[in-house]
Amino acid sequence: MSDDRPDVAPAVEETAESISAMEIRGAATIADAAAAALATQAEQSDAATPAAFRAQLRAAARELYETRPTAVSLPNALRYVLRGMDGETVAELQSSAVARAERFRADLEQAQDTLGEIGANRLRDGDVVMTHCHSTDVLACIEAALEEGKHVEAIVKETRPRKQGHITAAQLREWDVPVTLIVDNATRRYLDDADHVLVGADSIAADGSVVNKIGTSGLAVNARERGIPVVVAAQTIKLHPDTMTGHTVEIEMRDETEVLSEGERAEITGDDADEGLVVENPAFDVTPPRHVDAIVTERGQFPPESIVTLMRELFGETTGEPWES
Ligand code: RUB
């Protein structure tokens with residue numbers, strides 16, 4: 001933290017560290033945690049003036065914003081709280097910020113339930129779903145289908161390097177869904193057994209491109225080639241408003257040790273200072289809209305090319321970031 005920033009609550013710093021370290025991860029969960037952290041900042045503020053209070057909230061938002069760059073649900077959550085906060089006194093601002101954060105979190109939960117019910121309509125009794133990574137929006141669709149009494153089975157991709165597929169498998173087994181866990185390299189072989197590919201999103205661009213966990217685009221291309229529908233389950237907080245004005249989505253590059261430990265590096269090179277071996281570890285990739293059949297949101301199901309209409313309706317024209325002023 002730089003010296004000219006106002007102090008932020010230790011709880012906010014803890015949340016920011018947990019997001020950076022991926023102890024808190026997944027776009028919806030990150031947004032929820034960020035809103036909760038802003039509420040804590042507001043509650044614990046010792047600001048003497050409204051201006052000092054606003055400066056603290058902006059500093060907290062910046063700290064959270066800088067944790068991970070790709071999931072737009074994070075800045076969307078921060079904007080929602082900061083732009084909606086209102087009041088003449090510190091006490092009024094405090095209660096307004098807390099109320100705004102609580103509203104965001106409640107809406108998030110409601111949106112996921114509604115999205116799940118819509119996504120479940122696509123699943124028939126006996127269907128097999130292939131998943132990638134761990135997405136709570138995807139799981140909401142499967143849970144709603146199960147609640148309707150449908151039998152659903154899953155082929156769960158391991159999802160290297162961090163194996164978030166294990167989290168998906170654990171949740172599905174808790175619901176008694178039969179799971180076949182496969183390594184990512186086995187995807188094409190097992191697509192023949194799947195009726196749907198169901199993935200989440202970290203950001204959706206105005207042209208309908210879907211940014212999600214690395215490996216999603218290859219999965220979608222393979223599924224399309226075999227005629228298996230590719231469905232993206234994504235609440236509208238995954239819509240990236242800045243892409244309406246030509247901005248691109250930053251793809252996070254993570255540390256090489258997630259792919260190759262220091263010991264493994266030394267085994268390959270015989271010398272861990274060897275700069276001739278480069279490891280690239282992008283966390284996300286971009287699936288073009290032509291490889292996606294539908295985006296399921298809490299506002300209904302959309303062809304990817306038409307998602308910009310919903311984006312305009314929900315976000316209007318974008319302005320500067322509230323934490324930069
Ligand atoms: C998680 C990931 C998920 C989306 C959607 O990446 O790519 O598919 O975030 O998740 P990471 P959700 O593990 O790097 O955070 O539907 O829960 O928002």
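Mentor: Happy to! A search of the whole structure, which is a predicted model, turns up 20 salt bridges. The idea behind them is simple: side chains of opposite charge can pair when their charged atoms come close.

Let's begin with Lys238 and Asp137, whose side chains meet in a salt bridge with an N to O distance of 2.7 Å. This pair links distant parts of the chain, 101 residues apart. Lys238 sits in the loop between strand S7 (230-233) and helix H10 (262-269), while Asp137 belongs to helix H6. Are these two partners buried or exposed? Both Lys238 and Asp137 are buried.

Now turn to Asp293 and Arg224, another pair of side chains joined by a salt bridge, this time at 3.0 Å from N to O. Asp293 is found in the loop between strand S8 (284-287) and strand S9 (294-297), and Arg224 is in helix H9 (residues 216-225), so their bridge ties together parts that are 69 residues apart in sequence.

Next comes Glu225, which forms a salt bridge with Arg226. Their closest N and O atoms are 3.8 Å apart, and the cut-off for a salt bridge is 4 Å, so the pair counts as one. Glu225 is exposed, with a relative accessible area of 52%, whereas Arg226 is partly exposed at 31%. Salt bridges can also share partners: Arg68, Arg162, Glu252, Arg254 and Glu258 are joined in this way into one network.

Some charged residues gather with others of like charge. On the surface, Glu109, Asp113, Glu117, Glu143 and Glu147 form a patch of negative charge. Two elements each give two or more residues to this patch, namely helix H5 (90-120) and helix H6 (136-147). Which of them supplies the largest share? That is H5, with 3 residues. Glu109, for instance, has its place in helix H5. Glu109 has a relative accessible area of 57%, which is why it is called exposed.

Finally, let's visit the loop between strand S1 (128-131) and H6, where His132 lies. His132 has 3% relative accessibility and therefore counts as buried. What does the side chain of His132 touch? One partner is the side chain of Lys157, in a polar contact of 3.0 Å.

Along the chain, Cys133 and Asn212 are 79 residues apart, yet their C-alpha atoms are separated by 8.9 Å.

Start with the buried pair of Lys238 and Asp137, go on to the negative patch on the surface, and end at His132 with its contact to Lys157.

How values were computed:
Residues numbered from 1 in each chain as written. Predicted model: local features only at pLDDT ≥ 70, side-chain atom pairs only at ≥ 80, totals over all residues. Heavy atoms only, no water. Patch = residues over 30% accessible without salt bridge, like charges linked within 9 Å, V, L, I, M, F, W, Y side chains within 5 Å. Areas by Shrake-Rupley, 256 points an atom, 1.4 Å probe, with all protein chains shown as cover. Lys, Arg positive; Asp, Glu negative; His and termini not counted. Charge placed at Lys NZ, Arg CZ, Asp CG, Glu CD. Helix = DSSP H or I, 4+ residues; strand = E, 2+ residues; numbered from the N terminus. Buried < 20%, exposed > 50% of the residue type's maximum accessible area, 1.4 Å probe, protein only. Polar contact = N/O pair within 3.5 Å; in protein donor to acceptor, adjacent residues only side chain to side chain.
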